[in-house]
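Work through the following exercises with the sequence and the model at hand, and try each task before reading its solution.

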Protein chains: 2
Amino acid sequence: MTGKKYHHGDLRAALLAAAEAELAERGVEGFSLRSVAKRAGVSHAAPAHHFTDAGGLLTALAAEGFRRFLDTQGAREAQAAPDPRAQLLAAGLGYVDFALARPALFRLMFGSDRAEFADPELSAASEAAYFHLVGQVRALGGNDTDAAAVWSVAHGLADLMAAGRLKPLQALPPEARDAAVAGILLRSFPPKNG
Amino acid sequence: MTGKKYHHGDLRAALLAAAEAELAERGVEGFSLRSVAKRAGVSHAAPAHHFTDAGGLLTALAAEGFRRFLDTQGAREAQAAPDPRAQLLAAGLGYVDFALARPALFRLMFGSDRAEFADPELSAASEAAYFHLVGQVRALGGNDTDAAAVWSVAHGLADLMAAGRLKPLQALPPEARDAAVAGILLRSFPPKNG
DNA sequence: AGAAAAATCTTTACAGCGTCAAGATGGGGC
DNA sequence: GCCCCATCTTGACGCTGTAAAGATTTTTCT
């Protein structure tokens with residue numbers, strides 16, 4: 001019975017999908033709620049019944065983004081050696097992967113005020129991503145400063161590359177690019193203790 | 001004398017100042033051209049005669065931002081030792097200083113599509129900041145990868161702190177904060193070649 | 001079953017936005 | 001002194017988000 005339920009079907013999911021497409025095409029700053037409604041084939045006021053307002057929709061989308069963010073890191077981690085160092089490195093590469101694959105969503109999650117981080121769902125998703133990083137750093141014997149260092153390089157690389165400001169790095173073929181990014185990430189890892 | 005003149009006198013400068021205040025108060029995403037005009041005490045269509053549209057005003061503001069960005073770094077550099085290593089470290093600290101002092105302007109410069117980087121003035125100002133960094137890295141014997149590494153940490157630290165996501169770091173007293181940031185920055189410096 | 005209630009979506013309306021076009025104003029060149 | 005033109009204002013257009021009220025469908029209750 002999960003097929004065509006009410007007038008539209010599962011409008012909430014359809015709106016989220018439409019919103020993601022809108023975001024990818026027009027960016028955070030060009031995002032329009034009415035345009036999203038049009039994409040989903042409903043009236044412009046329909047979204048208000050599933051998300052209170054535009055901010056609510058973007059908040060839900062950001063939460064979904066953080067969950068996929070962890071998935072992207074997980075994909076890299078699954079291909080890496082099981083030792084803590086290789087796993088943290090994989091997470092860093094996944095961080096960059098995500099930013100390059102979904103730059104607008106990345107910007108919504110990290111460089112926008114439109115998503116409401118006080119929302120429990122978004123807060124939980126965001127913190128899950130943070131705790132994942134901290135756990136990995138701890139497994140390497142690192143402290144809070146180490147976590148800040150690793151997060152900062154990964155985030156800086158991702159943000160600059162998503163904005164297209166590290167062209168020399170992005171011009172490299174995939175494997176060479178990964179190697180260069182890995183080398184940069186490793187500089188900020190907690191120092192090897194004996 | 002300077003009361004109500006039909007010809008404002010220096011409206012262009014007044015609009016830039018008003019736009020900066022608007023940006024600081026409402027952020028890039030809440031920025032309104034009509035509100036800026038109101039701040040400057042002028043009709044809503046007046047800005048169009050000095051800047052073609054909202055993007056033009058934000059572009060000019062971003063260019064001004066990059067010049068002040070270099071000034072902020074210069075202030076740190078002037079207080080640092082003259083050796084290349086201390087100078088690059090000072091530039092990194094200045095990078096963070098700027099982001100914390102003017103988070104909305106920082107976001108306009110690095111995390112927005114509203115400023116038009118094809119504009120010659122903005123392009124020149126932006127490249128000047130970039131070349132400053134590259135020059136400092138070269139003076140340390142570093143290459144392009146080293147420049148990307150240093151830029152990434154500095155930018156990551158600045159962006160995350162401006163967004164308030166590195167609270168443990170920002171909670172520290174100023175000197176301790178500087179020391180922690182400096183320690184993180186140094187990890188990505190070009191390796192000392194004996 | 002039928003009626004009442006709840007959930008979902010549409011329609012209508014309003015204020016604010018950016019921008020274009022046309023009118024008002026005053027300073028500078030002749 | 002006169003005219004021109006840069007400067008600024010007024011008015012209008014289509015877009016935006018959101019609130020309120022009506023329409024339609026589903027669920028629940030008896």
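**Exercise 1. Find through which surface the copies meet, and how they are related.**

Step 1: 100% of the interface residues of chain A are also interface residues in chain B, so the copies meet through the same surface. The model is predicted, with local features needing pLDDT of at least 70 and side-chain atom pairs pLDDT 80 or more, whereas totals for chains, interfaces and linings use all residues. Residues are numbered from 1 along each chain as written, while chains are lettered from A and ligands numbered from 1 in the order of writing.

Step 2: Chain A is superposed on chain B by a rotation of 180 degrees with 0.0 Å of shift along its axis, at an RMSD of 0.1 Å (least squares on C-alpha atoms of residues with pLDDT of at least 70 in both copies). That is the relation of a two-fold axis.

Step 3: Within chain A, the residue that comes closest to the rotation axis is G156(A), whose C-alpha lies at 1.8 Å.

**Exercise 2. Describe the course of helix α1 in chain B.**

Step 1: This helix (a DSSP run of H or I, at least four residues, numbered from the N terminus) covers residues 11-30, yet its end C-alpha atoms are only 22 Å apart, short of the 28 Å that a straight helix would reach at 1.5 Å a residue (1.5 Å times one less than the number of residues).

Step 2: α1(B) bends by about 80 degrees at A24(B), the angle being taken between axes fitted to the seven residues ending there and the seven starting there.

How values were computed:
Helix = DSSP H or I, 4+ residues; strand = E, 2+ residues; numbered from the N terminus. Contact = placed C-beta atoms within 7 Å.
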